[in-house]
Amino acid sequence: MPHYKLSYFDIYGRGEMVRLLFAAAKVEFEDERFTREQWKETYKKTTPFGYCPVLYIDGAPLCESGAIVRLLASKFGFNGANTVEEAHIAMFNGALRTMYVRLPNFDVDEQLKEEKTRVVYKDHILPLLEKIEKKFSDKKAEFLVGEKMSYADLRLMQYLIITERYDASLLAPFPNLVALKDRCRNTDGLKQYLATSKICPF
Amino acid sequence: MPTYKLSYFNVPGRGELIRLLFSAAKVEFEDHRFEFSEWPELKSKMPFNQVPVLYIDGTPLCESGAIFRYLATEFGMNGANSLQAAYIEMVHGVLHDVYSKLPFMEKDAKVKKEKTTAVHQEHILPALLKIEKKFSESKRQYLVGDKLSYADLKLTNNLILTEERAPEILPQLPNLCALRDRVRNLDGVKQYLASRPESIF
């Protein structure tokens with residue numbers, strides 16, 4: 001097994017999926033986390049293109065979170081059984097990201113932030129979850145794509161936990177997705193990671 | 001071979017790399033392009049209210065990244081192994097990050113020109129210089145591995161745009177420009193580039 005080091009801010013952001021994959025695969029990795037100041041002063045200039053996260057595999061850097069997530073998912077068996085499943089996994093992952101990144105994570109005005117958050121849920125996130133809930137309940141399977149847990153399930157779990165912390169009542173119309181979220185969070189590896197990992201606002 | 005139909009706006013945007021993949025692979029597809037005015041009616045018919053959507057024997061797949069990675073893998077343009085696929089995705093991602101900063105939606109022509117030049121100087125050129133350096137040191141024909149990948153197609157499309165909008169940066173990128181010219185003259189790609197509609201962006 002190579003030596004893995006993830007280098008990223010001390011937030012979920014574009015790094016948490018990578019951490020979740022290591023946890024789900026029960027593979028050790030060095031979880032390097034830095035502040036914004038440390039990024040500007042020290043880390044940024046050491047990266048291939050001035051971006052993070054960066055995954056160092058035996059010291060060789062790989063950046064772009066999608067590339068990192070998909071490489072680890074393929075290596076650890078969370079990327080479907082064939083190319084069609086890979087495409088559907090990427091589709092669910094991408095669709096969820098597209099909607100959840102609209103959340104106003106950086107807004108300073110609390111009232112404005114709350115208003116915007118409600119709008120993003122109402123106009124974007126909940127309609128998407130409704131569509132995914134329907135597809136998933138029609139499928140009558142344990143996981144979003146194929147027969148095994150994939151990074152799409154991890155992504156859904158991560159985001160639904162964030163929604164649960166914000167307002168669990170929003171998830172009431174999606175019982176199958178909630179059941180999937182709970183199935184994933186209780187799997188060996190993830191359970192321990194989620195019990196001890198830092199809770200971040202985003 | 002399945003039947004393929006791509007549904008997207010009549011612009012390059014998130015559809016162009018998909019169209020280039022079909023061209024480079026010389027695989028037939030229905031290139032369904034619609035105007036912005038048609039979108040409100042079409043939107044609810046899409047799986048997740050978004051485009052592009054690729055119909056593979058009628059089954060829809062959305063999310064442009066999922067689509068182009070799937071096609072690239074099918075057409076042998078996604079590297080020889082998962083690590084090469086990761087590097088291809090990395091290069092594509094960096095190019096996408098810097099080129100998306102361009103002011104595509106800016107209506108004021110003067111402001112658009114200024115911002116386009118600024119984005120090229122502050123974001124695009126620094127990234128391309130890093131890629132140029134690694135690429136010239138590697139002495140390879142393609143950005144990753146030994147074969148054409150979707151990263152090469154992405155670079156080619158982006159540099160063609162730069163040729164039109166900020167050609168002054170190109171002399172610093174001789175190896176990437178040579179790659180662009182090799183790719184733009186490939187059979188299939190050449191014909192597509194000659195016949196594709198002009199973009200309003």
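**Figure 1. Contacts of B:Asn157 in a predicted model.** In this predicted model, B:Asn157 touches B:Glu16, B:Leu20 and B:Arg196, leaving out residues up to four places away in sequence. B:Asn157 sits in helix α6 of chain B. Its relative accessibility is 18%, so B:Asn157 counts as buried.

**Figure 2. Helix α1 of chain B.** This helix covers residues 16-25. Nine of its ten residues are buried, so α1(B) is largely enclosed by the rest of the structure. Among the buried residues are B:Glu16 and B:Leu20, both of which are touched by B:Asn157. B:Arg19, B:Phe22 and B:Ser23 are also buried. After the helix comes B:Lys26, with a positive phi near 55 degrees.

Figure 3. Helix α6 of chain B, residues 150-165, holds B:Asp152. This residue is buried but has no salt bridge. Which side chain of opposite charge is nearest to B:Asp152? That side chain is B:Arg182, 7.1 Å away. The side chain of B:Asp152 does reach the backbone nitrogen of B:Ser149, at 2.8 Å. Beyond its neighbours within four places in sequence, B:Asp152 is in contact with B:Tyr142, B:Leu143, B:Lys147, B:Leu179 and B:Val183.

Figure 4. Strands β3 (residues 53-56) and β4 (residues 59-62) of chain B run antiparallel. Four bridges join them. B:Ile56 stands opposite B:Thr59 in β4(B). Two residues lie between the strands of this hairpin. One residue in the turn, B:Asp57, has a positive phi of about 50 degrees.

**Figure 5. An aromatic pair in chain A.** Over all chains, a search of the whole structure finds 24 aromatic pairs. In one of them, the rings of A:Tyr100 and A:Tyr121 have their centres 6.2 Å apart. Their planes stand at 90 degrees, so the pair is edge-to-face. A:Tyr100 lies in helix α4 (residues 83-100) of chain A and A:Tyr121 in helix α5 (residues 110-139) of chain A, so the pair ties together parts 21 residues apart in sequence.

**Figure 6. An aromatic pair in chain B.** B:Tyr4 and B:Phe75 form an edge-to-face pair. The distance is 6.3 Å centre to centre, with 85 degrees between the planes. B:Tyr4 lies in strand β1 (residues 4-9) of chain B, and B:Phe75 in the loop between α3 (64-74) and α4 (82-99) of chain B, so the pair ties together parts 71 residues apart in sequence. B:Tyr4 is buried, at 5% relative accessible area. B:Phe75 also counts as buried, at 16%.

**Figure 7. A ring cluster in chain A.** Ring pairs link A:Tyr8, A:Phe9, A:Phe34, A:Trp39 and A:Tyr43 into a cluster.

Figure 8. From A:Cys52 to A:Pro53 the peptide bond is cis, with omega near 5 degrees. A:Pro53 is in the loop between α2 (36-43) and β3 (54-57) of chain A. The bond from B:Val51 to B:Pro52 is cis, with omega near 10 degrees. B:Pro52 is in the loop between α2 (39-43) and β3 of chain B.

**Figure 9. Positive phi in two loops.** A:Asp58 is not a glycine, yet its phi is positive, near 50 degrees. It lies in the loop between β3 and β4 (60-63) of chain A. Is A:Asp58 buried or exposed? At 57% relative accessibility, A:Asp58 counts as exposed. B:Lys139 has a positive phi of about 55 degrees. The loop between α5 (109-138) and α6 of chain B holds B:Lys139. B:Lys139 is exposed, with a relative accessible area of 74%.

Key: Residues numbered from 1 in each chain as written. Chains lettered and ligands numbered in written order. Predicted model: local features only at pLDDT ≥ 70, side-chain atom pairs only at ≥ 80, totals over all residues. Heavy atoms only, no water. Buried < 20%, exposed > 50% of the residue type's maximum accessible area, 1.4 Å probe, protein only. Lys, Arg positive; Asp, Glu negative; His and termini not counted. Salt bridge = Lys/Arg side-chain N within 4 Å of Asp/Glu carboxyl O. Polar contact = N/O pair within 3.5 Å; in protein donor to acceptor, adjacent residues only side chain to side chain. Contact = heavy atoms within 4.5 Å. Pairing = 2+ DSSP bridges. Phe/Tyr/Trp six-rings, centres within 6.5 Å; stacked < 30°, edge-to-face > 60°.
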